[in-house]
Amino acid sequence: MTEMYNPFVYWAQTENQVTLKVDLADVKDIDINLQEKKLQISAYGQGARGCNNYGFSIDFHEFVNPDESNYKVIDRQIDFTLKKKYYGWWPRLTSQPQKPPWLKIDFDKWKSEDMDDNEYEKRDVCSDYPDMYDKLHKEEFGYRKEDFKKVYLIIYNLCQFVGFLYILVVMSVKYSRDGPASIKYTYATVGNPMKFIQLLQFLEVMHPLFGYTKGSIMMPFMQVGGRAFVLFCMIEGESRMQTKPVVFYLFMVWSSVEIIRYLYYITQLLNIDFYFLMWLRYTIWIPLYPLGVICEGIIILRNIPYFEETQRFTVSLPNSLNFSLDFPTFLRIYLLFLCIPGIYTMMSHMNHARFKKLGKSNIKRKYT
């Protein structure tokens, strides 16, 4: 088998594209496989080790758009122009924190994040920023140990995964041991752990605000806020609801969905591709989300006569704020105008995410 060497690859970026220069002359028998998160190249040519077979594989830090990317082979090198799928600066080229020894910085094309487009056309980055050369080599553009943000997200998702797994295991063990008789003790057994990890989930509303995750805060707020309302107001707020079988089924649905979701997030943070887990994460919500909403709706509906009896959370006049609230009426309005439209919005969002992940092949090639 003929040995294959790595050519020197020089990279640079702007906010919307990445450029690669493969230092390989007189290229023959080139084979290029460009995907959204990976680039693989093999070819025969003149490189640092003379005329030999050369090749490399790069797992990108973020997604590129293969359809809008291109490459060209010239006498002295292979030039790639890769269109970023999402606008913004990458901390490094590869997903791994370790920099391959054959990957270098293309200072001739590098654009600083502090420079605008006109400055980029007129200035040489190294001459205008004399300390940048040393800084780039020292920091190696993010090729170092995992930063605080990634470590925090791994710990957070791991804690949530363990928490929901604990709840699911305890419920399953008690049911297998005691049968249906264990159902009415579900909240007494795992209610406190469920309240704790549910409170932790409010951090997911804050993550997009601090740039820890992408996307808006609306979807996390709808899901976390809706669950918190059911858990703390509907179940914790009415002791007679805590022994109902519907609580057992609701906790089973929540835990099953979240175990898969958090495990998938952990694998993504660790750059582990597991297709079945991805498929499960973007498919299992189809039967479980409606089941969860049905359970939540049953809990709210059955609580209405309880709150009519106890008048808990109801605000009556007169009071210092000159404000009144009939809580049972609020629950009816919540079911009609918030619960049903909310699940439609949530499922539409998940269906769109599923189509992006599974609706079409993410393996593409671009030849020009």
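Trainee: What should I know before I start?

Mentor: This is a predicted model, in which local features need pLDDT of at least 70, side-chain atom pairs count only at pLDDT 80 or more, and totals for chains, interfaces and linings use all residues. Residues are numbered from 1 along each chain as its sequence is written, and side-chain values use heavy atoms, with hydrogens and water left out.

Trainee: How many helices and strands are in the chain?

Mentor: Helices (H or I, at least four residues) and strands (E, at least two) are DSSP runs, numbered from the N terminus. Here the chain has 11 helices and nine strands.

Trainee: What does "buried" mean, and what share of the chain counts as buried?

Mentor: Buried means under 20% relative accessible area, exposed means over 50%, and partly exposed is in between, with a 1.4 Å probe and protein chains only. Of the 368 residues, 44% count as buried. Ser95, in the loop between strand S8 (78-84) and strand S9 (103-105), is buried because its relative accessible area is 6%. Ser239 sits in the loop between helix H7 (218-235) and H8, and it counts as exposed because its relative accessibility is 52%.

Trainee: Which residues does Ser95 touch?

Mentor: Contact means heavy atoms within 4.5 Å. Leaving out residues up to four places away in sequence, Ser95 touches Asp59, Phe60, His61 and Asn271. Across the chain, 68% of the contacts with a separation of 6 or more are between residues 24 or more positions apart.

Trainee: How do I read a helix such as H4?

Mentor: Start with this idea: an α-helix has 3.6 residues a turn, so residues three or four places apart point the same way. The expected span of a helix is 1.5 Å times one less than its number of residues. H4 (residues 148-178) has 31 residues and reaches 45 Å from its first C-alpha to its last, close to the expected 45 Å. Its buried residues include Leu153, Tyr156, Asn157, Gln160, Phe161 and Phe164. The buried residues of H4 pack against helix H5 (186-200), helix H6 (203-206) and helix H8 (245-269). After H4 comes Gly179, with a positive phi near 75°.

Trainee: What covers the buried residues of H7?

Mentor: The cover includes H5, H6, H8, helix H10 (285-310) and helix H11 (327-358). H7 itself has 18 residues and reaches 24 Å, close to the 26 Å expected.

Trainee: Now the strands, please. In what order do the four strands of the open sheet lie?

Mentor: Strands of a sheet pair through backbone hydrogen bonds, either parallel or antiparallel. Two strands count as paired if DSSP finds at least two bridges between them. In this model the open sheet has the order S1-S6-S5-S4, with mixed pairing. Strand S1 (4-5) and strand S4 (25-34) are the edge strands, each pairing on one side only. S4 and strand S5 (residues 38-47) run antiparallel, joined by six bridges, and a hairpin of three residues connects them. Within that pair, Leu34 stands opposite Leu39 and Ile32 stands opposite Ile41. S5 and strand S6 (residues 50-59) are also antiparallel, with 10 bridges, and a hairpin of two residues joins them.

Trainee: How many salt bridges does a search of the whole structure find?

Mentor: Side chains of opposite charge can pair when their charged atoms come close. A salt bridge is a side-chain nitrogen of Lys or Arg within 4 Å of a carboxyl oxygen of Asp or Glu. The search finds 10. In one of them Arg261 pairs with Glu204, the closest N and O atoms being 3.2 Å apart. Arg261 lies in helix H8 and Glu204 in helix H6, so the pair ties together parts 57 residues apart in sequence. Both residues are buried. Arg261 also meets Glu258 in a salt bridge (2.6 Å, N to O); these two both lie in H8, three residues apart, about one turn of the helix. Glu204, Arg227, Glu258 and Arg261 are linked in a network of salt bridges.
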